Amino acid sequence: MTAQADDGIEANPARSRLASVFGLVGSSLGAIFLAGASVGFFSAHDPSRPLSTAGLLVGMGLVGGTVLCLGLAVRTVLGISRSARTEIVAPSVRKGRTLTVLSALLGAVIAVIMLIGQSQGIGAPPLALFSDAPLQGWAAIALIALTCTALPWITWAWHRAIDEHELDAYREGALYGLYAYSLLSFCWWLGARAGLLPSVNGVAVFMVTYTVWGAVWLWKRYR
Amino acid sequence: MNNRLKVLRAERNWSQAELAMRLDVSRQAVNAIETGKHDPSLPLAFRIARLFALSIEEIFDDRAS
């Protein structure tokens, strides 16, 4: 193996992998949302009446989009695993990557349980996944159990596997996430008290905090 | 902080990935150190120095160039 470039930055497989990961997340979310929309669309249809041409086209579009997103997700996973097998990496880095994949799988399991456990059922609007809509008891208990057992174990093992560069990026992301949380929740709370804004939505604050955290973490790691 | 990591690596004909494996860090960490975006901790600086059989001062320089 030879040193590949003189400008200090070699062709960056991690950046293309990062793009693949974003593609995987996008196609997986697309598949989940479109599958939910397909089920909702067809279950809302009265079976005693034939589907109109426009309805048939919409239904086929939703199902086709679901299949397309699933295909893209599978193709991306195969591509990532192929390049990961050929790349030279330290054992701890490989362990960290395995744990990242495990946490992504855990996230997918959580999303599926939430999707099935919504009181409106699997046919609920896709964005209901991120709403305060009621959740069935068994789903909430399963999600809390998963979050309190698997997540801390994966996080603990991941922190033991990562190197100092990644830890710095992660910590800086967490700091920016905390600032985002403080600004957003305080200003929203003040605005709501004055009647200028609706009451604070915990899920929205959670999502913004984690988005800022994740964006800074990835930027510091792969810039 | 300035450093000679890229030069030392090139002298041995190692890729960033190979150096990263020898140091038990990620390739991104090696890239970040070489480009001055990340200053290594003292333990990692010692590992780098031992790998190249040099002192830390012979690899890293905290004076502005």
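Modeller: Start with a definition. Helices are DSSP runs of H or I with at least four residues, and strands are E runs of at least two. Keep in mind that this is a predicted model.

Biologist: How many helices and strands does chain B have?

Modeller: Chain B has 5 helices and 2 strands. Along the sequence they follow the pattern β-α-α-α-α-α-β.

Biologist: What percentage of the residues of chain B count as buried?

Modeller: The cut-off for buried is under 20% relative accessible area. In chain B, 48% of the 65 residues count as buried. The accessible surface of the chain comes to about 3300 Å². Carbon and sulfur atoms hold 51% of that area.

Biologist: What confidence comes with chain B?

Modeller: Where pLDDT is low, the predicted coordinates should not be read in detail. Chain B averages a pLDDT of 93, and 97% of its residues score at least 70. The model as such scores ipTM 0.91 and pTM 0.72.

Biologist: Take one residue. Is Ser26(B) buried or exposed?

Modeller: Ser26(B) counts as buried because its relative accessibility is 2%. Its place is the loop between helix H2 (16–23) and helix H3 (27–34) of chain B. Set aside the neighbours within four places in sequence. Ser26(B) then contacts Val93(A), Asp163(A), Arg221(A) and Ala20(B).

Biologist: Arg221(A) is on that list. Which residue forms a salt bridge with Arg221(A)?

Modeller: Side chains of opposite charge can pair when their charged atoms come close. Arg221(A) pairs with Glu166(A), with the closest N and O atoms 2.9 Å apart. This pair links distant parts of the chain: Arg221(A) sits in helix H6 and Glu166(A) in helix H5 (residues 164–193), 55 residues apart. Arg221(A) is buried at a relative accessible area of 9%. Glu166(A) is buried too, at 11% relative accessibility.

Biologist: How many salt bridges are there over all chains?

Modeller: The count comes to 5 salt bridges over all chains. One of them joins Arg12(B) and Glu11(B), at 3.6 Å from N to O. Arg12(B) is partly exposed at 31% relative accessibility, and Glu11(B) is exposed with a relative accessible area of 56%. Another joins Asp61(B) to Arg63(B), where the closest N and O atoms are 3.1 Å apart. Asp61(B) counts as partly exposed at 27%; Arg63(B) counts as exposed at 59%.

Biologist: Now the surface of chain A. Which residues form a nonpolar patch?

Modeller: To join a patch, a residue needs over 30% relative accessible area. Here the members are Val21(A), Val25(A), Leu29(A), Phe130(A), Phe206(A), Met207(A) and Tyr210(A). Together they have about 590 Å² of accessible area.

Biologist: Which helices each supply at least two residues of the patch?

Modeller: Helix H1 (13–44) and helix H6 (202–222) of chain A. Tyr210(A) lies in helix H6. At 46% relative accessibility, Tyr210(A) counts as partly exposed.

Note on methods. Residues are numbered from 1 along each chain as its sequence is written. Chains are lettered from A and ligands numbered from 1 in the order in which they are written. This is a predicted model: local features need pLDDT of at least 70, side-chain atom pairs count only at pLDDT 80 or more; totals for chains, interfaces and linings use all residues. Side-chain values use heavy atoms; hydrogens and water are left out. Patches are made of residues with over 30% relative accessible area and no salt bridge: like charges are joined within 9 Å, nonpolar side chains (Val, Leu, Ile, Met, Phe, Trp, Tyr) within 5 Å. Accessible areas come from the Shrake-Rupley method with a 1.4 Å probe; for residues, only the protein chains shown count as cover. A salt bridge is a side-chain nitrogen of Lys or Arg within 4 Å of a carboxyl oxygen of Asp or Glu. Buried means under 20% relative accessible area, exposed over 50%, partly exposed in between (1.4 Å probe, protein chains only). Contact means heavy atoms within 4.5 Å. pLDDT is the predictor's confidence in each residue, from 0 to 100.
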